[in-house]
Structures are given as C-alpha cells and as structure tokens.
Amino acid sequence: MTAVHDSASLIYRSTASQALEGEARVPGDKSISHRSIMFGSLASGTTEISGFLEGEDSLNTLRCFRAMGVSITDPEAGRVTIEGVGLHGLKQPEKPLYVGNSGTSMRLMSGILAGQAFDSVLEGDASLSRRPMKRVIDPLVAMGARIDAGPEGRSPLKIHGGQSLKAIDYAMPMASAQVKSCVLLAGLYAEGCTCVTEPAPTRDHTERMLSGLGVGVARDGARVCIEQADPTTRRLEGRRLEVPADISSAAFFLVAASIVPDSEILLTHVGLNPTRTGVIDILKAMGADIRIENRREVGGEPVADLRVKSAPLHGIAIDEALVPLAIDEFPVLFVAAACATGRTVLTGAEELRVKESDRIAVMADGLAKLGIDATPTADGMIIEGRGEPTPFGSATIYAQGDHRIAMAFAVAGLKARGEVTIHDCQFVETSFPGFAELFNRLGGCLELSRH
Ligand code: S3P
C-alpha cells in the first residue's frame with residue numbers, strides 16, 4: 001500500500017473504438033468503503049469487509065484509522081478485517097492524519113474527531129486544501145467543538161479534543177451527504193438526539209449502516225435523527241459488511257456503451273441505492289437502453305446487474321431533483337450530452353464547482369477544446385449536442401487533480417476524430433484502480449504513458 005500522488009503524471013491517449021462488449025464488475029463503492037472502515041473501527045468486535053475499494057481515497061481512510069491504533073488487515077482482493085476499538089477506543093495519532101484527495105475522509109472524520117478526548121490534525125493534498133470545510137466546521141462548532149482552520153475555513157483542520165458536545169437540530173444549507181454524515185457522527189458523541197434536515201435527498205449510506213450496526217437513525221421526511229439520546233447507550237456492533245460495485249464508476253461504462261454503436265455490456269453487482277441512481281434516470285431520459293436485471297439486496301443496500309446497449313441519445317433539460325442523486329456523474333454525463341442530438345441544460349448544480357475540481361469550468365473548457373459548444377453557467381451547463389458519429393476533435397486536456405474528469409475524457413476519446421490526450425490521470429487511482437485495463441478489456445483504445 002504505497003501512495004501514488006507523488007509519482008510522475010500519468011497520461012491517457014484515448015482514440016475511437018469498435019463496439020464495446022463483455023461483462024465486468026467495477027470496483028467497490030467509494031462512499032460505502034470509507035464508511036465501512038470508519039464504522040468498523042468504532043464498532044465493538046470484529047468487522048469483516050468484502051468488496052472493499054482498494055483505491056487511494058479509501059486506503060487513506062484505512063491508514064488514518066490504523067494511525068489511531070485500530071488493527072486493520074491489508075486489503076486482499078477486497079477483503080479487510082477490522083478489530084474494532086469501540087466508540088471511545090481510538091488513540092491519539094502521532095502525526096497529522098493525511099487523507100490525500102478525499103473530501104469524504106476529511107468531512108466525516110472531522111465529525112468523529114470532534115468527539116474524541118485527544119487533539120488531532122486533518123490534512124489533504126492540494127486539491128482538497130482548496131475545498132470548503134466551513135460547511136462542516138459551522139455545525140460542529142455549534143455542537144461545542146473547537147476547530148482551527150486556514151483562511152476561509154480551508155484545511156488543514158486542527159481539532160481540539162476533550163470538548164463536551166451537545167446535540168443540534170441542523171437545517172443543512174446545501175444538499176451534502178458528507179455534511180449530514182459529519183453531523184450525525186459527531187452526534188454519536190453528543191448529549192441528546194442530533195438531527196439533520198436536508199434541503200434535498202442525499203445518499204443515505206451513513207444512516208443505513210449505522211442502523212445495521214446497532215445505532216438507529218430515524219427518518220421523518222427530510223429530517224434524520226440519532227435515536228438514542230443518552231450517549232452511554234450508543235454502541236456499534238462489528239459484523240460482516242459487503243460493499244457493492246460503485247454506480248459512480250459504472251457510470252463511465254453506462255455512457256461508453258450508450259454512445260459507441262453496436263455495444264452491449266453487462267455491469268454486475270452494482271449498488272442501486274435510490275439516493276445514487278440519478279445517472280440511470282438521466283441517461284434513460286436521454287434515450288439510453290439500460291436494463292436492470294437480477295435485483296437483490298446485499299447487506300442493507302439494493303444491488304442489481306445493469307445491461308447497457310448503445311442507443312441514440314437526445315438532449316434534455318435535466319430535472320433538478322435528480323442533481324444530488326447523480327452528483328458525481330456529471331463529468332461523464334456532459335460527454336453523453338455532447339454526443340446526443342440537441343441541447344442539454346443542467347441547472348441547480350452549483351455544488352459541482354467545489355468538487356475535486358471545479359467540474360463545471362474544467363469540463364466546459366475541455367469540451368470546448370474538443371469542438372463542442374458548451375457554455376458554463378453559475379450552476380450548471382448548456383451543451384449543444386452534435387449527434388454525430390464522431391462529435392469530438394483532438395485536444396490535450398489537464399484533469400486538474402480530478403479522477404472523474406480524467407475518466408470522462410477517456411470516454412470522450414471513444415468518439416473522437418483524432419486523439420484525446422489527458423494529463424494528470426494518476427488521480428484515477430483514488431476511486432477506480434484498474435480503470436484503463438477494464439476500459440481496454442471492454443473494447444476501448446486507451447494508451448498509457450508517464451511524463
Ligand atoms: C459523498 C458525498 C458527495 C459525493 C462524494 C461522496 C459521500 O459529496 O460527491 O463523492 O460519501 O458522502 P457531498 O456531500 O459534498 O455532496
């Protein structure tokens with residue numbers, strides 16, 4: 001388990017391909033993998049995880065909990081065993097906790113660390129150090145936490161331990177599962193029932209997993225609350241956790257198979273939590289042929305196989321209600337929109353500006369370089385789809401430290417007249433180890449080199 005980000009820039013060269021075909025299981029869900037390490041560490045007893053994402057982001061979470069004294073095995077083919085230390089068993093780390101590129105690690109862990117008896121420091125890479133943390137600092141401070149941050153609430157975050165936290169009833173100003181989870185996790189250490197009301201539904205893995213491990217989270221409409229008011233009664237029980245394949249990783253292949261004529265692929269064991277399936281609804285509204293087969297439930301999460309066949313796509317006005325349910329999939333959805341016939345309009349997605357990169361600016365820029373009429377707006381984008389066999393020209397794109405930008409432009413290369421060259425692809429390791437190999441196995445043409 002070595003870090004990848006100090007290695008030389010990885011370059012992808014993506015060119016047009018024949019039809020994509022085959023069957024694949026993409027790596028484990030990133031959100032659930034992070035949470036399985038965090039909650040398994042805070043549980044009493046042993047947690048055995050299968051399907052764990054061995055990507056840099058979730059490995060950074062794993063390393064942080066090891067640094068706080070938790071015994072966690074090296075992942076092996078997605079299997080990890082954690083000897084949980086209980087809610088109050090973490091030890092003070094000797095050094096700052098480094099979370100790399102991962103907003104989920106920093107925001108969720110800040111909630112956990114605010115409730116500890118010891119001081120700690122959370123820091124990340126250049127991309128994460130630009131991202132807003134005030135959104136977690138504000139509610140944590142309202143609960144009684146003490147946190148020092150850089151200008152405008154940027155990381156590193158110094159979290160002072162030994163504070164006694166009080167429950168809050170928090171009306172969250174933005175639709176963010178990370179903020180919701182942070183507050184609920186701090187709520188595990190607070191006196192009283194912590195509640196969060198969300199302005200729109202966001203992914204609910206924290207609620208499902210905490211309930212599955214023994215701390216109930218009750219939902220009433222848009223409001224979720226920790227059920228037990230007395231902190232001394234709260235306890236997570238270690239158990240088996242199975243992580244489904246990540247729909248956010250599957251999304252690259254949902255689009256790839258949709259846009260390359262005569263393709264048909266089967267993506268197996270994909271997590272279909274209803275708070276994550278916006279990408280399927282949006283692609284279907286554009287005309288995609290995606291069939292859901294073999295629906296089942298695994299460890300409290302719905303799972304299914306997705307069969308995708310190529311289909312002519314058309315532009316749409318994307319329903320704003322679907323935005324939080326597809327929040328990580330917009331880079332590749334913009335590529336789908338560029339291939340579709342007619343205009344696609346996205347609004348209500350200003351959160352895209354504060355992801356691993358400003359995904360509105362970086363995608364609009366890259367699409368424009370490839371010859372697409374893509375107009376960024378404050379909260380979305382307007383894309384004039386070309387509806388042609390090869391809508392993209394050639395260009396060199398910089399992924400700006402953002403894994404999903406790199407993978408989205410690799411997909412664009414499938415429909416390029418020339419070559420799409422993408423720099424900074426080493427960040428793909430954060431969420432999708434083996435992406436290039438799988439892309440090529442299913443029929444794509446991706447060449448890799450280091451610079
Ligand atoms: C995540 C929530 C989302 C998402 C991120 C993972 C999570 O972030 O973009 O990739 O695991 O809770 P926001 O909460 O900032 O929307």
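UniProt positions are given here in the numbering used for this chain, with feature names shortened, and such annotations may be inferred rather than shown by experiment. The model is a predicted one, in which local features need pLDDT of at least 70 and side-chain atom pairs count only at pLDDT 80 or more, while totals for chains, interfaces and linings use all residues. Residues are numbered from 1 along each chain as its sequence is written, and side-chain values use heavy atoms, leaving out hydrogens and water.

An unreviewed UniProt entry puts "binding site" at Lys 30, Gly 103, Arg 131, Gln 178, Arg 359 and Arg 404. Of these, Lys 30, Gly 103, Arg 131, Gln 178 and Arg 404 turn up in the lining of the largest pocket (a pocket is an open set of points on a 1 Å grid over the protein atoms alone, where a 1.4 Å probe fits, with protein on both sides within 12 Å along at least five of seven lines; lining residues have an atom within 4 Å of a point).

Lys 30 sits in helix α1, residues 30-42 (helices are DSSP runs of H or I, at least four residues, numbered from the N terminus). Lys 30 counts as buried, at 8% relative accessibility (buried means under 20% relative accessible area, with a 1.4 Å probe and protein chains only). Beyond its neighbours within four places in sequence, Lys 30 is in contact with residues including Asp 57, Glu 356, His 403 and Arg 404 (contact means heavy atoms within 4.5 Å).

As for Arg 359, this residue belongs to helix α11, residues 359-369, and is buried at 0% relative accessibility. Its contacts outside four places in sequence include Asp 328, Asp 402, His 403 and Arg 404.

Key. Helix = DSSP H or I, 4+ residues; strand = E, 2+ residues; numbered from the N terminus. Buried < 20%, exposed > 50% of the residue type's maximum accessible area, 1.4 Å probe, protein only.
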